[in-house]
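Dear colleague,

I am handing over the structure below, and after it I set out what was found in it. Please read the notes with the coordinates open beside them.

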Amino acid sequence: MVMDDIYEDLSPLTLSPNSFSPLFSFHSSPSPNSHSSTHFTPSPNSLSSTHSAPNPNSLSSTNWVSVDRSEDPNEFSDIVLTYINNMLMEESDNFENFPNEHPTVLAAQKPFLDIIQSTDLLTPLDQSPIGEENPSSQNQIPSSLQQCEFALNSALNETNKEENPITTRGRKRDDDFIDPQDERCAKSSALCTEEAVRNLFDKVLLCKNESCDFKSPLKDDLLESKVVQGNKRGRKKGAQPKEETVDLTTLLINCAQSVAIDDHKGANHFLKEIRKHSSQYGDSTQRLAIYFADGLEARLGGTGSEIYRSLLTKKTFTCDILKAYQLYLTSCPFKKVSHFFSDVAILDAVKDCKKLHIVDYGIHYGFQWPCFMQRLAMRPGGPPRLRITGIDLPQPGFRPAELVEQTGLRLKEYAKLFNVPFEYQAIASKWETIRVSDLNIDREEVLVVNCLYRLRNIVDETVSADNPRIRVLNTIRRMNPRVFVHGILHGSFGVPFFMTRFREALFHFSTLFDMLEATTSRVDEHRLLIERDLFGREALNVIACEGIKRIERPESYKQWQVKNLRAGFKQVSLKKEVVEKARLKVKKCYHRDFVVDQDNGWLLQGWKGRIIFAISAWKPNV
């Protein structure tokens with residue numbers, strides 16, 4: 001069966017250096033057009049693969065279940081890791097474009113030249129007798145180095161402001177942490193290499209040998225040395241003042257009630273208490289409280305929309321985004337299980353087709369499709385001609401389609417790698433405005449529509465009488481796809497009533513923060529990025545924005561069930577073996593508190609009994 005082939009044949013893949021070379025040398029600037037297409041026919045000698053040997057070094061923990069590798073030696077495919085590696089290498093090239101001939105840089109180099117040309121420093125220090133001090137090294141080196149450090153810092157700061165203002169970043173609050181800009185340069189030179197990054201990803205993401213190492217890749221000594229506020233385990237021995245026990249959840253609800261009635265005095269009092277007992281590096285509740293307090297403060301001041309817009313336009317390095325995504329993959333199974341379900345549903349529906357057209361609503365970076373291309377390449381009789389239409393919301397700025405077009409360029413390289421005939425079309429537009437004619441559907445193609453967890457960002461009937469969500473579903477129905485894979489974020493914090501929405505959001509995000517608390521380290525910088533730039537931003541939109549500005553509007557899977565049926569779809573029955581295999585993989589490779597279940601044709605995923613995501617397959621009701 002197709003589903004069995006996916007889990008048995010998706011083995012870790014090691015590609016030859018010649019196969020990797022086009023991935024890391026491909027750099028092209030996308031066109032500013034919001035609709036574009038890429039055609040590609042690969043060469044016959046572009047695929048090279050072997051099975052990688054398992055890594056014997058792995059960690060074990062009482063929270064993790066051992067894996068019997070004799071049952072299933074090939075666990076997950078790591079093609080997506082190569083895809084991430086490609087994007088990391090593209091970003092590392094951006095650091096090579098530094099203006100070496102800039103006057104400020106030349107001025108910064110002069111003190112170093114003075115040191116090198118100094119007669120005192122030209123004398124080798126190791127020629128001095130043991131035990132004797134070199135006076136020249138004591139007296140001249142510190143002053144010269146201080147001069148160099150001051151001049152270099154001034155020059156680089158000035159150059160960053162003039163030549164590259166986007167990459168200028170501030171310091172973290174805690175002095176024990178390295179400046180992000182310095183850390184960025186160190187990572188670019190040390191980690192962003194093909195071999196180093198791939199080895200890191202293989203170690204963290206792949207399940208090998210007799211245990212699954214899905215913990216954060218931080219070393220034990222780093223965990224002990226980086227002790228920050230909120231980490232009680234790192235305190236020195238001795239008498240410490242007893243901390244006051246505070247229920248942050250109650251404080252947040254009381255503060256929200258004060259904000260709801262516009263009680264500035266009471267709200268500010270609660271905010272002061274919340275910030276006093278919250279910490280970015282504390283437990284899950286302390287970390288959650290920071291971002292909910294930010295949302296309440298923004299709602300109280302009426303600045304929610306402006307702050308959220310500034311967060312959307314904030315420049316985050318692709319390297320940071322991808323490593324945070326890597327951590328998300330290792331800490332929870334939601335993405336992997338969703339992609340597994342989607343691949344099974346699509347491959348079951350398109351057997352023996354010669355031309356396949358996938359319309360992906362919310363394609364983003366397209367992490368799902370490299371592994372899918374690998375499966376197509378292994379199909380008996382050769383792969384079909386694959387065409388992907390990537391649809392996403394327009395990005396702020398002068399290039400609204402840049403992200404979705406860059407995704408197409410990278411997928412083109414993977415199609416070349418796996419010898420899959422490939423064509424790509426990028427569309428960056430509001431989803432409700434897209435028409436069937438914009439997709440250029442060929443009657444000879446087998447059409448598939450894929451939409452995972454992004455329809456919640458389309459406003460509903462509470463904002464517009466002409467419900468944009470129903471319009472999108474009606475457009476998909478008019479496409480008449482062979483199968484429609486629909487994944488949703490299960491939640492009830494999309495309602496218009498503030499206090500009800502706040503409580504539901506508090507329960508939902510508490511689940512997500514608790515999940516990261518149990519599966520990642522508190523001092524992991526990429527966990528902080530996930531919490532701040534993903535969960536925190538979403539929470540701010542839910543709490544502080546209203547009307548059309550509030551785009552986080554999830555609904556329950558039962559509500560989506562009714563919408564899909566009314567749009568003219570009927571549900572594809574959920575295979576029992578799909579649920580069992582997904583449940584088995586999660587039990588073997590992830591934390592024991594993750595939940596995989598089924599209800600009314602939906603595959604459900606959650607944490608500690610609370611459902612977070614649901615996915616199902618549909619087809620037109622003819």
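At 0% relative accessibility, Trp602 counts as buried, where buried means under 20% relative accessible area, exposed over 50% and partly exposed in between, with a 1.4 Å probe and protein chains only. Trp618 is likewise buried, at 0% relative accessibility.

Before going further, please note that this is a predicted model, in which local features need pLDDT of at least 70 and side-chain atom pairs count only at pLDDT 80 or more, while totals for chains, interfaces and linings use all residues. Residues are numbered from 1 along each chain as its sequence is written, and side-chain values use heavy atoms, with hydrogens and water left out.

The structure holds 20 aromatic pairs, a pair being two rings of Phe, Tyr or Trp (its six-membered ring) with centres within 6.5 Å, called stacked if the planes are under 30 degrees apart, edge-to-face if over 60 and tilted otherwise. The rings of Phe422 and Tyr424 have centres 6.3 Å apart and planes at 25°, so this pair is stacked. Phe422 is buried, with a relative accessible area of 1%, and Tyr424 is buried with a relative accessible area of 1%. For Trp602 and Trp618 the ring centres are 6.1 Å apart and the planes stand at 65°, so that pair is edge-to-face. Because Trp602 lies in strand β11 (residues 602–607) and Trp618 in strand β12 (residues 610–620), the pair ties together parts that are 16 residues apart in sequence; helices (H or I, at least four residues) and strands (E, at least two) are DSSP runs, numbered from the N terminus. Ring pairs also link Phe334, Tyr453, Tyr590, Phe594, Trp607 and Phe613 into a cluster.

Two charges sit over rings, meaning that NZ of Lys or CZ of Arg is within 6 Å of the ring centre and within 35 degrees of the ring normal: Arg299 lies over the face of Phe498, 4.0 Å from the ring centre, and the charged end of Lys563 lies over the ring of Trp560, 5.8 Å from its centre.

Strand β6 (residues 422–428) has seven of its seven residues buried, so it is largely enclosed by the rest of the structure. Phe422, Tyr424, Ala426 and Ala428 cover one side of β6, with Glu423, Gln425 and Ile427 on the other, all of them buried. Strand β5 (residues 385–392) pairs with β6 in the parallel sense over seven bridges, where pairing requires that DSSP finds at least two bridges, and Ile391 stands opposite Ile427 in β6.

Best regards
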